[in-house]
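Good morning, and thank you for making the time. Please take the sequence and the structure in hand, and I shall go through a few selected features.

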Amino acid sequence: MKSIFTTVLAFACVLLSTALTLAQGCVAVRHMSSAAPVGSADYFKQRTGHWQVSAGYRFFRSYKHFVGDAEQKQRVEQGTQVINVSHAIDLGITHLVNQRLSFSVNLPIQYNDRSSLYEHYGNAIAQNPEQKRFHTNSQGIGDLRISGSYWLVNPFKLPKANLSVGLGVKLPTGNYGATDNFHKLTKEGVDYTINKPVDQSIQLGDGGVGVSVELQGYAQITKTLTAYANGFYLFNPRETNSTVRNPESTTVDLVTGTFSVADQFAARVGLSQSIKAIPGLAVMLGGRVEGVPAIDAFGGSSGFRRPGYIVSVEPGLSYMRHKTSVAATVPIAVYRNRITSYADRLDPLGLKHGDAAFADYLVSINVSRWF
């Protein structure tokens, strides 16, 4: 029974305590944590009324451009690639109402840096003879998330398989109109700056109230090996927010002039192997997919967005001792696809297809403790 308990908890530590979603580049998947509260080796031992606090760190650097699933290698070769660097800390608190039901609140704190040529002087040698690269950034809190999770079978009974259902609401607490200075050149070649909204990929929020639905479960294969799976879909009914991308322009594009408030999705599946020699330690290996659809499930899909998805192999480690757990995963991209957007699909010739930059990998670390 003890080995079963360790295996199930090893699975739970990484599957449910680390951030499920992320933004690995210009495809703006907002940083959010899983609705489920599990994150401690003593989770299934907790009494009703206990609390868990958690802190997660996430890092990525995106720079590889894709149109569809074809990498635009010339962007890096020419030095015109857009580079996004993102650091985020996700703070969470969970209350265990009973052994099956819990509620969580999560708030991300972000710092994003974006450097490019095209947003400033331009990519062309004629426009930007010295090929100067400039930076814009955003920092602050992201969108607050309140969620609940319910296990269909009482986890205290340590069933060999279980499924949790989660429901959450995302509130637009993150600044969806963050601005910074962009460098431009006069006809005489004199530098000046204009202050306007930063790119959608580094905005701190999307400006919409969203509802998420989540499923997560596990199945014990042997005494030390467990299969796991989870997924979520965020419904964002609002079509666009009020942020005008280029306020300096005399006209605003009716389709892409403002930022779209897009749906998001993510899923993961894998295996967790507990290590008998080191109690509390588990090795994980799985796969994950996350992205932004071109067409939302509810509401319109107009506005500027870069839809697409990324498929990754996700190795990870977790360690649990008493009421504290630590988990780390490093999803490594194996397939990236920037699909056509709603705006692209309005092209009568069917030729328009925007690009997006993706990261090669993501670093995610989570620490949590029950009280």
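Asp 355 counts as partly exposed because its relative accessibility is 24%; here buried means under 20% relative accessible area, exposed means over 50%, and partly exposed lies in between, using a 1.4 Å probe and protein chains only. Asp 355 forms a salt bridge with Arg 75, with 3.2 Å between the closest N and O atoms. A salt bridge is taken as a side-chain nitrogen of Lys or Arg within 4 Å of a carboxyl oxygen of Asp or Glu. Arg 75 lies in helix 2 (residues 73-78) and Asp 355 in the loop between strand 18 (332-337) and strand 19 (356-370), so the pair ties together parts that are 280 residues apart in sequence. Arg 75, for its part, counts as buried because its relative accessibility is 14%.

A word on the basis of these values. This is a predicted model, in which local features need pLDDT of at least 70 and side-chain atom pairs count only at pLDDT 80 or more, while totals for chains, interfaces and linings use all residues. Residues are numbered from 1 along each chain as its sequence is written, and side-chain values use heavy atoms, with hydrogens and water left out.

How many salt bridges are there by this rule? The count comes to 16. Four residues, Arg 114, Glu 119, Asp 199 and Arg 306, are linked in a network of salt bridges. Are Asp 199 and Arg 114 buried or exposed? Both are buried. Asp 199 also meets Arg 306 in a salt bridge, at 2.8 Å from N to O. Arg 306 lies in the loop between strand 15 (281-292) and strand 16 (308-321) and Asp 199 in the loop between strand 9 and strand 10, so this pair ties together parts that are 107 residues apart in sequence. Arg 306 is buried, as is Asp 199.

Let me turn to the chain as a whole. The protein chain has 2 helices and 19 strands; these are DSSP runs numbered from the N terminus, helices being H or I of at least four residues and strands E of at least two. Of its 371 residues, 54% count as buried. Taking contact to mean heavy atoms within 4.5 Å, 71% of the contacts between residues at least 6 apart in sequence join residues at least 24 apart.

In soluble globular proteins, nonpolar side chains tend to be buried together. A nonpolar core is here a set of buried Ala, Val, Leu, Ile, Met, Phe, Trp, Tyr and Cys residues joined through side-chain atoms within 4.5 Å. The largest such core has 7 residues, namely Cys 26, Phe 66, Ile 310, Ala 333, Ala 356, Ala 357 and Phe 358. Which strand gives the most to this core? Strand 19 does, with 3 residues.

Next, the aromatic residues. Rings of Phe, Tyr and Trp (its six-membered ring) pair if their centres lie within 6.5 Å; planes under 30 degrees apart count as stacked, over 60 as edge-to-face and the rest as tilted. By this rule there are 6 aromatic pairs. The rings of Tyr 121 and Phe 134 have centres 5.0 Å apart and planes at 65°, so this pair is edge-to-face. Both Tyr 121 and Phe 134 are buried. Elsewhere, Tyr 233, Phe 235 and Phe 298 form one aromatic cluster.

I close with backbone geometry. Most residues other than glycine have a negative phi, and most peptide bonds are trans. Gln 131, although not a glycine, has a positive phi of about 50°. Gln 131 is placed in the loop between strand 4 and strand 5, and counts as partly exposed because its relative accessibility is 24%. His 322 likewise has a positive phi, near 55°. His 322 lies in the loop between strand 16 and strand 17 (324-329), and is exposed, with a relative accessible area of 56%.
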